[in-house]
Amino acid sequence: MSYREQPAPGRLLLDDTVLLTAVIEASQNLQSHTEYIIKVQRGVSSDNSWQVIRRYSDFDVLNSSLMVCGISLPLPPKKLIGNMDREFIAERQRGLQTYLDSITQHPLLSTSLVVKKFLDPNNYSANYTEIALQQVSMFFRSDLKWEVLEPLRDIGWRIRKKYFLIKNKEQPKESYVLSWVDLGPDKFLSDKDLQSAMKLLTGLSTPYLCPLLFSSTSESSALLIRPFSESGSLRDHICKVKPREMYLKKYCNPKKSQGLELQHIKLYGRQILEGLKMLHDSGLFFGHLHTSNIIVDDDLCRLLDVENGVLGVPSVLRPAFTQFRKINTTESIDVFCFGHILYEMAYGRPPEGVPVDQYPSVPYTAVVSVLQSILSTEACKSGMPTVSELIKTPLFSDVQLQCSEKLQIKLPSRLKEALKTAKESLEKRLQEEQRLLHQHRRLTRAQSHHCSEEERKKRKIMARKKSRQTACENEEDVSVRNNNNSGSGASSPPTCPSSPTPPSTTEHAPF
């Protein structure tokens, strides 16, 4: 069933995970207020940049929208008198720049719609909730057994994905979650192959994958229905929050988050690895592993949103693994993401940055050993272990699983080949982005070195030496010419044997 109009030809699929940077370049005073001219850049290419103009009141509105996160953000205070003074405006501009840096560098705030709309209104002006409601309404008109209970507003970080709590009129006591999502820039399957892949995933019953009950795709979006888990995700368990709350409120500054006991780290980690191994062995790719995409129910972990890989939506950790050129395959991406999960299970919070070489003291040395094999500087430079190698580590090898039989997902040969080609295209896009980032880093380091104080001093010293050497050479040339002119016989200008003799400047008289 296609329930959405075809996208306009040439429609650009933005990767919402590409970071935006913002620099206030200037300010201008109008009659009663000051405007700040902000240069915004997407990614590392200066060609992909634009300007937006914002007043202090716009910053204030943005800050009010972000207060739900529970973080004290450094917005400069209001001032009613003297707010047009030149010195005050310069000081406020510096404060607003600090504020912009704090939100664009925060892993959750930087991906929020209010921040994207503030910095990039041209690409984020659409009302995604309204679009989702239109598509959902069309679906319900074609299938009358479903009924919307309530929208689940902003329970996930993805801008182009909306959630609704629904029920089946034939089973009124059961709750389900319907999600609508735009297809992403890594959607490399044809529409026919995508429908085949979604048909395979729908109704798939395995211990470590959250079941998908219904799916429908169009040329630009997908609609999905799965059971709603009141127990919440692994991150909900770690942060001790309610599943239905807004993600910024739940995860930006959780007050009660706590790491798990070793027995749960071992059990949950092994179950997650078994789910990954089953996907990789079958030819499916994931790339979206994080604690919010793992449902925990009765000590059983199940991977959620496994279809994200074929739908082509970007991973929340893409800005992190793009930094490392050795993390360039779908399996290495999943292993890298698993390292983040393991860290969060151990310490109750995600790592502040990667690589991680210093680990807070924990009583679980086996956990730290696995973390070092994934998140350390050496691991990020040399490459990730495989999923099978992680299963064989002392941390997970002795875990007793309820399901001891080998799990398999059988794919039709045509679909398996299409998935292989799509996976290669996905990896190629990642590797090209990593190559550009590597070039940008080299150029930045060269420019930084060239502009450093020490390097400037060296260049001044070299310039002085060269100047003195040139002066000495000029004096020697003058001395040689004087000696030649003072000798007997006809004089001629000295010439170098390797250089052509200068042509005569004497004019010839006409015949």
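Helix 9 (308-311), helix 10 (318-321) and helix 11 (330-347) each supply at least two residues to the lining of the largest cavity. Helices here are DSSP runs of H or I with at least four residues, strands are runs of E with at least two, and both are numbered from the N terminus. Keep in mind that this is a predicted model, where local features need pLDDT of at least 70 and side-chain atom pairs count only at pLDDT 80 or more, while totals for chains, interfaces and linings use all residues. Residues are numbered from 1 along each chain as its sequence is written, and side-chain values use heavy atoms, with hydrogens and water left out.

**The cavities**
- Rolling a probe the size of a water molecule over the atoms shows where empty space is left.
- A cavity is a set of points, on a 1 Å grid over the protein atoms alone, where a 1.4 Å probe fits but cannot get out; lining residues have an atom within 4 Å of a point.
- The structure holds four cavities of 30 Å³ or more, and the largest has a volume of about 140 Å³. Grid points are joined across faces, edges and corners, and a volume is the space filled by probe spheres set on the points.
- You'll find 16 residues lining the largest cavity, with D186, F286, G287, H288 and L426 nearest its centre.
- That lining splits into seven nonpolar, seven polar and two charged residues. Ala, Val, Leu, Ile, Met, Phe, Trp, Tyr, Cys and Pro count as nonpolar, Asp, Glu, Lys and Arg as charged, and the others, Gly among them, as polar.

- Three strands make an open sheet in the order 1-2-3, with antiparallel pairing; two strands pair if DSSP finds at least two bridges between them.
- Strand 1 (20-29) and strand 3 (49-55) are the edges, each pairing on one side only.
- Nine bridges join strand 1 to strand 2 (residues 34-42), and V23 stands opposite K39 in strand 2.
- Helix 1 (residues 56-66) lies across strand 2 and strand 3, at about 95° to strand 3. Angles run from 0 to 180 degrees between N-to-C directions, with axes fitted to C-alpha atoms, for helices over the stretch in contact.

**Zooming in on L178**
- L178 sits in strand 6 (residues 171-182).
- Is L178 buried or exposed? L178 is buried, because its relative accessible area is 0%; buried means under 20%, exposed over 50% and partly exposed in between (1.4 Å probe, protein chains only).
- L178 touches residues including V136, F164 and I225, where contact means heavy atoms within 4.5 Å.

Conventions: 1 Å grid on protein atoms, 1.4 Å probe; cavity = no way out; pocket = protein on both sides within 12 Å on 5 of 7 lines; lining within 4 Å. Lists of a residue's contacts leave out its neighbours within four places in sequence.
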